[in-house]
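User: Please take me slowly through the terms used for this model, and tell me each time what a label rests on.

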Amino acid sequence: MIRHSLDLVVRLVDTTTGLVVEEGNVRFWKNAEAAQPIPRGNGNYVFLNRGREDCTLEIQVRGYERCRIDVRYEELDKLIPIQDAFLIPSEELSGGQPVLSLTGRLSGLKSIQAVYSGLPVCTASGFDERKRIMTLIQDFPPGAEGVPYGLIHSEGKSYEPFVVSERISRRTVRLAQTFAEPVTANSPISRIVFGQVDEEGNYCLRVRDDSDRLHYLIRYVTDGGIGFLEADFHDLTQVKLE
């Protein structure tokens with residue numbers, strides 16, 4: 001009898017669209033050594049019989065920037081540990097939509113991400129903090145479990161990331177965590193677009209140039225805390241992280 005241990009599933013996701021990446025030209029490195037997970041289709045790659053130890057994965061996919069992720073098993077499901085790798089499309093992506101980039105350098109920068117502040121994917125009507133249950137005005141998007149979203153607060157100047165852990169009904173979901181600020185009725189919800197930051201604080205945040213209105217709310221984390229910026233990706237001349 002041959003037994004296999006499922007150690008990790010890596011799911012490749014285009015962060016600008018939220019769609020899985022099914023490009024066949026993919027390379028992996030685990031702790032700087034070449035690795036060969038098993039492709040399972042629909043953007044999924046499976047690591048078997050390698051052991052469940054925290055590690056660093058680097059992923060190179062044709063048409064996307066090289067991606068580096070830290071795998072922390074305490075943050076993953078114990079039965080089927082799934083790690084999403086959010087890929088940033090390359091500016092030279094052949095045959096794809098044009099992209100717009102916010103790049104620069106900020107000392108002490110830890111992470112950068114954004115949500116589209118135009119049309120939300122849905123709108124919250126209330127939140128039971130004790131039960132972590134959110135009710136919605138519209139149906140929550142299908143397949144939302146585990147997908148990072150941002151709840152935009154009433155003034156429209158900040159948002160809080162969250163993840164759905166369970167869909168109770170079409171307009172009721174349970175979250176993996178609560179919020180630091182109260183959830184008011186009609187709070188917009190948008191999918192998070194992730195950027196990249198290296199050890200020197202160089203950053204890249206990129207979106208698809210697929211609309212006349214590309215207004216985003218940027219969230220960035222530094223040694224000094226969390227900051228927010230409003231940005232029109234068609235005019236980034238005045239956008240600067242500080």
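Analyst: By class, seven nonpolar, five polar and three charged residues make up the lining of the second largest pocket, where nonpolar means Ala, Val, Leu, Ile, Met, Phe, Trp, Tyr, Cys and Pro, charged means Asp, Glu, Lys and Arg, and polar means the others, Gly among them. Please keep in mind that this is a predicted model, in which local features need pLDDT of at least 70 and side-chain atom pairs count only at pLDDT 80 or more, while totals for chains, interfaces and linings use all residues. Residues are numbered from 1 along each chain as its sequence is written, and side-chain values use heavy atoms, with hydrogens and water left out.

User: Which residues lie nearest the centre of the second largest pocket, and what is its volume?

Analyst: Its volume is about 280 Å³, and of the 15 residues in its lining, Thr16, Tyr116, Arg191, Asp210 and Tyr216 lie nearest the centre. The largest share of that lining, three residues, comes from β16, a strand in the sense of a DSSP run of E with at least two residues, numbered from the N terminus.

User: What makes a space a pocket, and what makes it a cavity?

Analyst: On a 1 Å grid over the protein atoms alone, a cavity is a set of points where a 1.4 Å probe fits but cannot get out, whereas a pocket is an open set with protein on both sides within 12 Å along at least five of seven lines; a lining residue has an atom within 4 Å of a point. By this rule there is one cavity of 30 Å³ or more, and Asp7, Leu8, Lys30, Phe47, Gly51, Cys55, Leu57 and Tyr73 line the largest cavity. The largest pocket holds about 1800 Å³ of space. Of the 46 residues that line the largest pocket, Ile69, Asp70, Gln83, Phe86 and Phe194 are the closest to its centre, and by class its lining has 19 nonpolar, 12 polar and 15 charged residues.

User: Are Arg208 and Asp14 buried or exposed, and why is Arg171 called partly exposed?

Analyst: Both Arg208 and Asp14 are buried, a word that means under 20% relative accessible area, while exposed means over 50% and partly exposed in between, with a 1.4 Å probe and protein chains only. Arg171 has a relative accessible area of 41%, which lies between those limits, so this residue is called partly exposed. Arg171 forms a salt bridge with Asp139, their closest N and O atoms being 2.9 Å apart, and Asp139, at 32% relative accessibility, also counts as partly exposed.

User: Why does Ile80 count as partly exposed, and where does Ile80 lie?

Analyst: Ile80 has 41% relative accessibility, and therefore counts as partly exposed. Ile80 lies in the loop between β7 and β8.

Technical notes: Points joined across faces, edges and corners; volume = space filled by probe spheres on them. Helix = DSSP H or I, 4+ residues; strand = E, 2+ residues; numbered from the N terminus. Salt bridge = Lys/Arg side-chain N within 4 Å of Asp/Glu carboxyl O.
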